[in-house]
Amino acid sequence: MKVILKREFDETLERDWKLLEKKNNLIIFQTYDWNKNWIEFNNSEFKIMTFVVYSESKPIAIFPFYKKKKFFFNILKWIGNDISDYLGPIVDKDYLVEKKIFDKIWDEIILKTKFECDLIY
């Protein structure tokens, strides 16, 4: 399993995200287009930090975050947190994630953000 940090909405992220969209029953707040539009609308102050999880070169999960500076703190937040309560990772329904595996993924995300972010909100 590999966790990759993406700092922009590029062709690879779009391809992987839309593949997960086709395979899973997502709500509007989880779609690539909605997340990209939210970032573009708020681009002046936020930096994207989206994590894509791969298993055998296939995307199995996406954790769409952005980083926001407030006072002295860098805060990692879910994209769209200001207008939606229905946020969280996008996980391939065919890939059953056990707690142990999810914890490993989460630990990897924490490791990749610990020098850039002071808290996750």
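Student: How many bridges join strand 3 to strand 4?
Tutor: This is a predicted model, so to speak: local features need pLDDT of at least 70, side-chain atom pairs count only at pLDDT 80 or more, and totals for chains, interfaces and linings use all residues. Residues are numbered from 1 along each chain as its sequence is written, and side-chain values use heavy atoms, leaving out hydrogens and water. Strands (E, at least two residues) and helices (H or I, at least four) are DSSP runs numbered from the N terminus, and two strands pair if DSSP finds at least two bridges between them. Strand 3 runs antiparallel to strand 4 (residues 73-78), and the number of bridges is 6.

Student: Which residue in the turn between strand 2 and strand 3 has a positive phi?
Tutor: Strand 2 (residues 47-55) and strand 3 (residues 58-70) run antiparallel, joined by 9 bridges. They form a hairpin with 2 residues between them, and the one with a phi of about 55° is Glu56.

Student: Within what arc do the buried residues of helix 1 fall?
Tutor: Leu13, Asp16, Trp17 and Leu20 are buried, meaning under 20% relative accessible area with a 1.4 Å probe, protein chains only (exposed is over 50%, partly exposed in between). On the other side of helix 1, Glu11, Arg15 and Lys22 are exposed. The arc takes directions from the helix axis to the C-beta atoms. Seen down that axis, the buried residues of helix 1 line one face, because their arc is 95°.

Student: What is the expected span of helix 1?
Tutor: The rule is 1.5 Å times one less than the number of residues. Helix 1 (residues 11-23) has 13 residues. Its first-to-last C-alpha reach of 18 Å is close to the expected 18 Å.
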